[in-house]
Amino acid sequence: MTKESKQKKIAAIHDLSGYGRCSLTVAMPVISALKVQCCPVPTSILSNHTGFPTCFFDDYTDKMPLYLEQWKKLNLDFDGIFTGFLGSEAQIDIVTDMIRNFKTEKTKVIIDPIMGDNGKAYQTYTKEMCSRMRTLVESGDIVTPNLTEACILTGRQYRQTGWTRKELADMAQEIISMGPGSAVITGVREGTFVTNVVAEKGLEVKYLKSLKAGNDRPGTGDVFASIIAAQAVKGVPLPENVKKAAHFVKQSILVSDELNVPIENGVCFEEILSLLIRQ
């Protein structure tokens, strides 16, 4: 009888952008550095992320069911299913079906509901897609929205600052009431600090603060969520998980600024990936 592998593996559902450090080009090395196998499910292929003036884009929606059908035939199973940017309402439905088909008792589902930032939904996100994203969130174990996405999910009016702890706790608990066991609202500005709001069903909400440092950069949310996903399948407690992810993102921003990496190129996490490997 073949022994079951003790190495964890995650199915990562993201777009593949060849340049700019985001989505799969972040998830694969970060998850691998944490000693978890990363199995990609591409939602689209881009020459570079959309923050650049121009890009090539190939939608993978029609191919995703065929791709996943082969995994089903092979009876593959995963310790984690990790979703990121989805480009259409149809993709949300495909991923919801995938979770239903592949989730087992051991599978952790991590939903990064990438819908917008700085108070605005991305141009590709219609009201219908935002509504369908709530359905996907129901399937998650851990959900990691930023403040904009948390407001979209709960129907609240966005504001950049001035949130009370009770308001943040109520918003996180409302997300949990949709179905997931845990919610992490990321990147809440509190003066010179950035706070991550950590809510777990049945537990007191925690507010994990760190001093804001460096420039805002694309891809930091992908780095953060990838660490959360990899550590979740390894059983790391969520508050400890969030602290580690936030620290690594902060250090990645600082080294990127030190090396004068252009903002649109994201964070050069490669320079400090050894921090994850050693741990």
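The second largest pocket in this predicted model is lined by K108, D141, I142, G181, S182, E200, A232, G235, V236, P237, L238 and N241. Its space comes to about 160 Å³. Sorted by class, the lining has five nonpolar, four polar and three charged residues.

Now to the aromatic side chains. Searching the whole structure gives five aromatic pairs. One of them is Y19 with F52, a tilted pair with 5.8 Å from centre to centre and 55 degrees between the planes. This pair links distant parts of the chain, 33 residues apart. Y19 lies in the loop between β1 (9-17) and α1 (24-33), and F52 in the loop between β2 (37-46) and β3 (57-59). Are these two residues buried or exposed? F52 counts as buried because its relative accessibility is 18%, under the 20% limit. Y19, at a relative accessible area of 46%, is partly exposed.

W71 and F78 form another tilted pair, at 5.1 Å between centres and 40 degrees between planes. W71 is buried at 12% relative accessibility, and F78 is buried at 2%. Both belong to one aromatic cluster, formed by Y67, W71, F78 and F102.

The charged end of R159 sits over the ring of W163, 4.2 Å from its centre. The charged end of K209 sits over the ring of F193, in this case 4.3 Å from the centre.

Last, T96. This residue is in helix α3, residues 89-102. With a relative accessible area of 7%, T96 is buried. Which residues does T96 contact, leaving aside neighbours within four places in sequence? They are L136 and S139.

Conventions
Residues numbered from 1 in each chain as written. Predicted model: local features only at pLDDT ≥ 70, side-chain atom pairs only at ≥ 80, totals over all residues. Heavy atoms only, no water. Helix = DSSP H or I, 4+ residues; strand = E, 2+ residues; numbered from the N terminus. Buried < 20%, exposed > 50% of the residue type's maximum accessible area, 1.4 Å probe, protein only. Contact = heavy atoms within 4.5 Å. 1 Å grid on protein atoms, 1.4 Å probe; cavity = no way out; pocket = protein on both sides within 12 Å on 5 of 7 lines; lining within 4 Å. Points joined across faces, edges and corners; volume = space filled by probe spheres on them. Nonpolar A, V, L, I, M, F, W, Y, C, P; charged D, E, K, R; others polar. Phe/Tyr/Trp six-rings, centres within 6.5 Å; stacked < 30°, edge-to-face > 60°. Lys NZ or Arg CZ within 6 Å of the ring centre and 35° of its normal.
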